[in-house]
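Work through the following exercises with the sequence and the model in view, trying each task before reading its solution.

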Amino acid sequence: MPLGIYISVPFCRTKCSYCNFASDLFSRAVFERYVDRVCADIENAPQVAAEMGGQMERAVDSIYLGGGTPTMLEAVQLERIFATVRSGFDLNPDAEVTVECAPGTLTGAMLESLLRCGVNRVSLGVQSFVDQEAAAVGRLHKRTTVLEDIARLRAAGIANINIDLIAGLPHQTAESWEFSLAETIATGAPHVSVYMLEVDEDSRLGRELLAGGTRYHAHFVPDEEAIADFYLAACERLSTAGISQYEISNFARGGFESRHNLKYWTRSPYFGFGVDAHSMLFSATPDIDGVRFAPADSLEQFMSTAVLQRTEVSRRAALEESFFLGLRLTQGVRMQELTTKFGEAAIGNARAAVAEFVNDGLMQERGDFVCLTTRGRLLSNEVFERFIVADEITR
Ligand code: SF4
């Protein structure tokens with residue numbers, strides 16, 4: 001099975017107040033050393049795979065540069081990363097090659113560099129088409145910047161564009177959310193990701209919300225119920241516009257589903273390089289299903305050590321993952337396929353959980369598939385937890 005390759009570039013122009021990723025502002029002097037390290041890791045991938053006990057294909061059918069803001073790198077640095085991937089792996093001619101861009105970072109030189117690298121998909125971190133909302137969380141672009149970037153991408157031949165939106169930004173209202181959705185649809189972008197604002201200790205806005213404070217416009221964040229309504233409105237508006245939901249947070253026109261991201265939810269192998277870049281490979285030994293490994297999640301630690309955190313995925317853990325990752329997909333999971341792979345005895349408890357959720361209106365059966373209902377998608381974390389618990393009881 002061809003691999004997906006993920007490369008993390010943890011550099012940003014500003015730190016958005018809601019961001020809980022391993023990204024930050026660093027001096028440009030660090031960029032070159034980081035690219036050196038990532039390229040060395042790419043060259044060393046077969047050896048790492050063997051040390052981790054994983055099978056590694058040379059064939060690759062997706063590359064995803066995320067972060068962070070990969071377009072912060074110099075064009076020559078970006079091209080060095082791609083050249084290293086191409087010499088270490090066999091990139092399929094029709095591979096999906098995505099780069100995440102912050103609107104306003106696509107200079108002419110960068111656009112030309114993306115084309116030279118074979119990039120055919122760009123993901124734009126728009127978050128909102130309302131300038132006040134984008135500014136409140138520290139985004140540097142305006143609505144017009146996004147529209148100009150999209151026009152320039154199309155003119156350059158990159159029409160496979162994703163727009164990221166966040167439901168729950170400070171100052172967002174039902175009307176302003178509707179405006180962002182309408183603008184998104186009007187761009188004609190074939191892929192849209194809609195995330196609900198995450199409130200946790202890992203972002204400045206999240207910490208302020210948990211503390212009940214007013215910094216970072218925290219007191220202008222819509223309440224949970226409103227955010228859930230925004231999400232439901234997005235599902236409806238996008239689907240009416242022909243951009244169908246295929247995963248909890250992802251929507252696409254037919255044929256534009258993200259090949260790379262689908263690997264995560266279908267448990268297909270991928271190799272990650274860079275800060276906090278996770279990998280999942282099938283196991284080289286038959287007694288375990290797979291191996292997951294990841295380097296340090298801070299730039300400082302990443303640059304100072306090559307140690308990887310390794311986790312073996314047992315057959316039982318693989319079954320759990322099949323449920324809580326597969327159920328993220330609108331189509332859900334195919335029970336017969338899981339029964340064939342893991343055996344009837346192993347999925348007995350999961351069947352009981354499915355029956356309960358169907359009864360509660362959180363899941364439904366569609367032929368051989370079981371999937372979340374609209375309400376189930378809103379309460380997905382609770383559903384997923386139950387699958388792990390239901391399964392762990394038997395351990
Ligand atoms: S641009 Fe993206 S990765 Fe960087 S701080 Fe903002 S949300 Fe985080």
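**Exercise 1. Find how far apart the two domains are and describe their contact.**

The centres of domain 1 and domain 2, taken over C-alpha atoms, are separated by 29 Å. Domain 1 covers 3-262 and domain 2 covers 315-395, with bounds that come from an automatic or database domain assignment. This is a predicted model, in which local features need pLDDT of at least 70 and side-chain atom pairs count only at pLDDT 80 or more, while totals for chains, interfaces and linings use all residues. Residues are numbered from 1 along each chain as its sequence is written, and side-chain values use heavy atoms, with hydrogens and water left out.

Turning to the contact (heavy atoms within 4.5 Å), ten residues of domain 1 touch nine residues of domain 2. The buried area, which is the accessible area (1.4 Å probe) that two parts lose on being put together, summed over both, is about 810 Å² here, and carbon and sulfur atoms give 65% of it.

**Exercise 2. Describe how helix α13 packs against helix α14.**

Begin with the axes: those of α13 (residues 335-342) and α14 (residues 344-359) come within 8 Å and cross at roughly 150°. Because angles over 145 degrees count as roughly antiparallel, α13 is roughly antiparallel to α14.

Next, list the residues that meet: Met335, Leu338, Thr339 and Phe342 in α13, and Glu344, Ala346, Ile347, Arg351 and Val354 in α14.

Key: Axes fitted to C-alpha atoms, helices over the stretch in contact; angles between N-to-C directions. Helix = DSSP H or I, 4+ residues; strand = E, 2+ residues; numbered from the N terminus. Parallel < 35°, antiparallel > 145°, perpendicular 65-115°, else oblique.
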